[in-house]
Structure formats: structure tokens, C-alpha cells
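Welcome! Please take a look at the sequence and the 3D structure below, and then let us walk through a few of the features together.

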Amino acid sequence: PSMRQTPVASIAGLNALRTNGYIIAATDYPGLGTVGPVGFLIGKGQGQAVIDSVRAARQIPDVGGGKKFALWGYSQGAHASLFASTFASSYAPELSLVGVAAAAPPTDLVNLSHQALKTLKGRIGIALTLQSWSDKYKVSLSSLLDNRVKKVVTDVANICVDDLGGKLNILAAQKPLEHKFLNSNPTIVAPWRHLLSTNSVSKLTVGVPALIVQGGSDELVHPNVTSQFVKEQCAHGEQIKLLTLSGKNHSDTEGASVAPALGWIGNRFEGKPAPTSCGAHVAE
């Protein structure tokens, strides 16, 4: 992304963040513009890259000297932000995380994969993930795909979906990704089940407030999976707030989540008590 002609154009809420005086640090993630495979939904590597971007910003003279920071991401970025929040204190003890806001976050990748296999968009997402993980973890796709489908998965994984042309190309390339395009279910076959579990967000950090913004009609990150994740975090004693946006699909959620997420982040920097969806509901 940083090599594009307008690299910051895709950052949701950028102008509002700048107006509020925030310093914005973003990462390309490992493998994008650098040597090595792209790790799509690789929790540890992408989470570390997010924190490293904060460290890098602080080294720029007269720009980023503060220790306090918040994490904010959408979809893949939400996954990376949640992961980063779980080890921020040990990975970057010189920094102080005030909270994490995540919109349409992939959390339980096993359950999300079960859901994703039922839809075309979901199967495209599965294809992107499988190809990325095959490259990253050096695991063959032979147990999951025959040669015909393997070529299509490779083609899909090489298309950028951040522009209209890419979306049209990816739709043209996916025809063999019918409902039964996998020979085996990755949620039950080794080592894929383990990889899905490893890259799932299971438990957040006590004491780090979290805001989860979920589209009520999200066809990729299903609301029931996110709701279950929030319930589990409540059981662990986390400070977590779930905001469901009625009628919003996966794409809609990014823009619709900006205002509530930035308001929530502002209150965390000001040290106000964080609202929660655990037990009594607290309005902010």
C-alpha cells in the first residue's frame, strides 16, 4: 500500500484523525513491498508489524514522541490490531496501549471458515487464506485441492481486490470455486485446523479496553461468531463493548464504524471509563 500513488487514501477516518491531532502510523504487513510471502491473517507477524509502525513513527523527529497509543483496524486490520493488543505490553514495554477498536474482526477462524464455505465471497476469502498460508508455512495444498482448482486459487490469490478492476478480475477467476471446491475440510484436517486455531483471536488482555464494531448483515465476518467471541471475553473479565450496525454488510462496516470508533478512542486517551457489553450495559 505505501508504494501506491496515494498511499493514505484507503485509511478510513484519516481526516478526522488528523483534525483531532493524532499521529497515524500504518503498516504494509510483512511480504507487501518486501521480500518474503504475504501472510494474510497471520496473527503474530501482522500484529508485530502494527506495533513496529508505532515505534517507527516515534523515531521521526518532532512527529511521534508520545508513549500512549490506540489500535484501530477494519477486517484484516482488525484481526491484526486485536492480535497486537494481546502482546503489546511484552513486545513493546516502552509503549502504553490505551485501547483497541476493531471493525468486522475475524476472530474464531475455525467457525468463520465453516460459515465462509457456504458463500462465494467466503470461498474467495478461503482461497486467499489457503494460498497465503501454504506459502508462509511451507504446507502443500494437495490434500485440499486438485490441480484444476489449485491453479484458480493461485490466480485469485495474486489479484488485488482493493480496486474495481481487481474485483471484476477476481469474480471472473473464481468460477471453479463452487461449493465443493475443497477435497477436504481445512477446519478438521491437519495441519490446517491447527493453523486456523493458531491465528484465531481467543483471549484479549485484561485491562486493555476493546471496542468491537460488527455489521449486522456481514456476509464474511458473521455476527454470530463475533457475538460469541464477545461473550467469551466477558467470561474472561475483559472490558469489551460490542456495537452492532443493523443492516450493514462487510464493506459497509468500514465507513460506518469510523465515527463511533474515533469517539471511543478519544475517550480512551482522555482516561474516561470504558463502556462494556458485559453484564450491565453502559452508554458512552
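## Strands and salt bridges

Strand E2 and strand E3 (residues 210–215) run parallel and are joined by 4 bridges; strands count as paired if DSSP finds at least two bridges between them. Ala103 stands opposite Val213 in E3. This is a predicted model, in which local features need pLDDT of at least 70 and side-chain atom pairs count only at pLDDT 80 or more, while totals for chains, interfaces and linings use all residues. Residues are numbered from 1 along each chain as its sequence is written, and side-chain values use heavy atoms, leaving out hydrogens and water.

Strand E1 (residues 68–74) also runs parallel to E2, with 7 bridges joining them. Helices (H or I, at least four residues) and strands (E, at least two) are DSSP runs, numbered from the N terminus. Is E2 enclosed or open? Strand E2 (residues 96–103) is largely enclosed by the rest of the structure, because 7 of its 8 residues are buried (under 20% relative accessible area; exposed is over 50%, partly exposed in between, with a 1.4 Å probe and protein chains only).Now for the salt bridges, each a side-chain nitrogen of Lys or Arg within 4 Å of a carboxyl oxygen of Asp or Glu. The whole structure holds 5 of them, including these:

| Pair | Distance, N to O |
|---|---|
| Asp52 and Arg55 | 3.5 Å |
| Glu219 and Lys121 | 3.1 Å |
| Glu270 and Lys272 | 3.4 Å |

Salt bridges that share partners join Asp52, Arg55 and Glu94 into one network. Asp52 and Arg55 are separated by about one helical turn, because they lie 3 residues apart in helix H2 (residues 43–58).
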